[in-house]
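Hi there,

Here is the structure I promised to pass on to you. Have a look at it first, and then read on for what turned up in it.

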Amino acid sequence: MQAFAACGSAARRDALGTELTRLPVDHQLPGHEVLGRIIRLQALAGLGDFTNADTEAEEIDRLADRNERPLAGVFTAWYRALRLCETDGWPAARHRYAQVLTETAGCGMPGLTQGAAALVALVPVMRGDTLPRPGDFDGLDAGPYQPWLDPLLLAASGDSEQARQALSTVPRPPHDLVQEALWCVIARAAASVGHLPVLRRARDELARAAAEYAGAGSGLVSFGPVTHHLAATDAAIEAHASATGQ
């Protein structure tokens, strides 16, 4: 997820989005105002402040309609699928996500759409406490997310040794808007095969985003509160460390 990526925590991105919104309003620059509001929408979602994120989504749609900027609607469509998932759960959001994937496939933003179907398929897995089921990712192009999905799929297939090897060489997730989500995926795979060094590394990385919702800062998907994944990672570390004396 490269579109509108910004360095720093969701709270800093919220401040940035607020400033980027204020200046265009003062100088009547609606295009820049839309950009600022999209950044703030993503940041608010990452912080779990969905009430204010809803307000930003409505304002983005209003500005986009008034100023003929249809691509802004791509971001609000994805956000509303995320929001439905947070409100009513994955079963209610599944159909909405299928619609969004179809409607935005040709939007001309590969940084947003490449691998998006695989990211969506991870939502029910990561919001639960399971591994993928056989066939969950068949035919899906994971795009840029493939290196972090592979260990999880290997673990789910029962090939623990290959999963451990993949985890030993898995690259650090890029510093973008889904990095916490990818660390959650890494932690889930590491927990399932008892890879303590990677588990501990993932735990340290996730602790920095403990106040956020994993992946929600992208405006695309949410794996739920990072604290949930931290608790699961801590439990896995304790269990595997006790079993191995490490």
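The protein chain averages a pLDDT of 91, pLDDT being the predictor's confidence in each residue, from 0 to 100. Of the residues, 91% score at least 70. This is a predicted model, in which local features need pLDDT of at least 70 and side-chain atom pairs count only at pLDDT 80 or more, while totals for chains, interfaces and linings use all residues. Residues are numbered from 1 along each chain as its sequence is written, and side-chain values use heavy atoms, with hydrogens and water left out.

Please take care with residues 1-8, where pLDDT stays under 50.

Now to helix 8, residues 146-157 (helices are DSSP runs of H or I, at least four residues, numbered from the N terminus). Trp148, Leu149, Pro151, Leu152 and Ala155 are buried there, with buried meaning under 20% relative accessible area, using a 1.4 Å probe and protein chains only. They cover an arc of only 155 degrees around the axis, which puts them on the same side of helix 8; the arc is that of the directions from the helix axis to the C-beta atoms. The buried residues of helix 8 pack against helix 7 (116-127), helix 9 (160-169) and helix 10 (179-193). After helix 8 comes glycine 158, with a positive phi near 95 degrees.

One more residue for you: threonine 76 sits in helix 4 (residues 72-88). Threonine 76 counts as buried because its relative accessibility is 2%. Not counting residues up to four places away in sequence, threonine 76 touches Ala57, Ile60 and Asp61, a contact being heavy atoms within 4.5 Å.

Best wishes

Conventions. Helices (H or I, at least four residues) and strands (E, at least two) are DSSP runs, numbered from the N terminus. The expected span of a helix is 1.5 Å times one less than its number of residues. Buried means under 20% relative accessible area, exposed over 50%, partly exposed in between (1.4 Å probe, protein chains only).
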